[in-house]
Amino acid sequence: FRTLAKRESINRAVEKRSAEVFSKFLEDLTHVKEIFEHGRKNPPVSRAHPPASGAAFWALSLKHRVDHQFALFPADFAPQSEVRHEAETELHKLTAALQDYITRTHSKWADAVVADENLPGRLQEPIIIRRDTASRMLEANFSKDIALVLSEVYYWKQLGYDVPNVADDIYGKRETLRTMREKVLGLVHDYNSITNKLNTEERGMFRERILALDNAVDPGLENLTWSHAPAVQDFLKVCNEQTQAVGKLVIDFKNGTDQVFERAQGLADVQFFNIRKKTTYKVQDFLEKQAAHRTKTKQSLAQTHKEIVQQMNKCYETFKSEAPEIQQEWAAFLRKVDNVIQESLMTAIRQSLRELERAVVGDDKTDTLQPLLQVGASLVEGVGTTLKPTIEELASTILKETREVIESTSSLP
């Protein structure tokens, strides 16, 4: 507007609005300065950045913010204005302070790296450690200091700063170290997965294989370091082959035993009686119906038992050539499976007998009891009322059915 302004009133209006714009810019400069002063001792570093270079990126973002805003003002926008001059002065002070902060942060970090005489030696540490003696879980032993230096160097180079030679030497090996670290983490994950999948009893059965696996990983716990790249690669190849082989055995075993326990525990849901609610049976009809149902139940039990035995035989293939100690562990595992089957069958029998009891005498939830068995009554001269079948015969029938239920499981080994 200045080139078009010919009247004094228009010039004053343009100057007034220009001053207002620069005042807004000065307000934002003050706000950015407050952000900087408040955060310079503990900068809000992005999670993607390490501490030192992250602080530098934070300060640089503030610098870019105010520089970008000032760049929006054309060079001929209120060039002689006092408020523009003030804005330029304050901008220069703030950007200089931010740049000085970045430089000082870099120098402080570089001095710390150079002062750490043990930094290169951290590449001489074993590549794997035991997390603790109790769980014997493995953990990749890659130095956090080395990882931090690699990250710092990457971002300081992006900012265009030089880095200490010791850090640059480590950074030159970054791809080799990255590849090794990923493979070591994979080995640790596979090994720990094997340990986590097995309970104490199962670890006893896999004792020999786990011992062989421990012998294979021992060099990584003792001798091999991050500076032995070729040897580490060979070590990882051998260990991965063994962990994958053992891992497959463990997965197959766990899948098999899960199926065994699922079938064994499912026996608890077997119904040994087939009694329709609110139905009264003739005694003979009731006996025939229960006999037919028991026949089907026995066939189902026999099939389930056969499937359990087949699956257990399949699982045993893993251990049939193992030492006597392992055979004892397997025998203990068999007893555990037998106990689960026995407990499930006992539960099924108890539940079935309770069902029969509710059908005969009812329970607290029964309002009107529907007779289970049909009884005929007749008047006999000189005798009175007679029941057919008699109460004794009914009791004998019920008792016989309970015995049949208990005996229906006797065919299982």
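This is a predicted model: local features need pLDDT of at least 70, side-chain atom pairs count only at pLDDT 80 or more; totals for chains, interfaces and linings use all residues.
Residues are numbered from 1 along each chain as its sequence is written, and side-chain values use heavy atoms, with hydrogens and water left out.

Burial was assigned from relative accessible area: buried means under 20%, exposed over 50%, and partly exposed in between, with a 1.4 Å probe and protein chains only. A nonpolar core is a set of buried Ala, Val, Leu, Ile, Met, Phe, Trp, Tyr and Cys residues joined through side-chain atoms within 4.5 Å. The largest such core contains 99 residues, and Phe235 and Leu372 are those with the most contacts inside it. When neighbours within four places in sequence are set aside, Phe235 is in contact (heavy atoms within 4.5 Å) with Ile127, Ile128, Leu187, Ala216, Val217, Pro219, Gly220 and Leu224.

The cysteines were examined next. A disulfide is a covalent bond between the sulfur atoms of two cysteines; the criterion applied here is a pair of cysteine sulfur atoms within 2.5 Å. A search of the whole structure returned 0 disulfides. Cys239 is buried, because its relative accessible area is 1%, and Cys315 counts as buried at 3%.

Aromatic pairs were identified from the rings of Phe, Tyr and Trp (its six-membered ring), whose centres must lie within 6.5 Å; planes under 30 degrees apart count as stacked, over 60 as edge-to-face, and the rest as tilted. By this rule there are 18 aromatic pairs. One of them joins Tyr281 and Phe286 in a tilted arrangement, with 5.6 Å from centre to centre and 55° between the planes. Both Tyr281 and Phe286 are buried. Ring pairs also link Phe206, Phe253, Phe261, Tyr316, Phe319, Trp330 and Phe333 into a cluster.

Helices (H or I, at least four residues) and strands (E, at least two) are DSSP runs, numbered from the N terminus. Lys278 is located in the loop between helix H9 (229-266) and helix H10 (283-316). Its phi is near 55°, a positive value in a residue other than glycine. Lys278 is exposed, because its relative accessible area is 77%.

Side chains of opposite charge can pair when their charged atoms come close. A salt bridge is defined as a side-chain nitrogen of Lys or Arg within 4 Å of a carboxyl oxygen of Asp or Glu, and the structure holds 23 of them. In one of these, Arg65 pairs with Asp28, and the closest N and O atoms are 2.8 Å apart. This pair links distant parts of the chain, since Arg65 belongs to helix H2 (residues 51-71) and Asp28 to helix H1 (residues 8-39), 37 residues apart. Arg65 is partly exposed at 30% relative accessibility, whereas Asp28 is buried at 16%.

Lys63 counts as buried at 19% relative accessibility, while Asp67 is partly exposed at 27%.

Arg350 forms a salt bridge with Glu343, with the closest N and O atoms 3.3 Å apart. Arg350 is partly exposed at 35%, and Glu343 is partly exposed at 40%. Salt bridges that share partners also join Asp116, Arg122 and Asp145 into one network.
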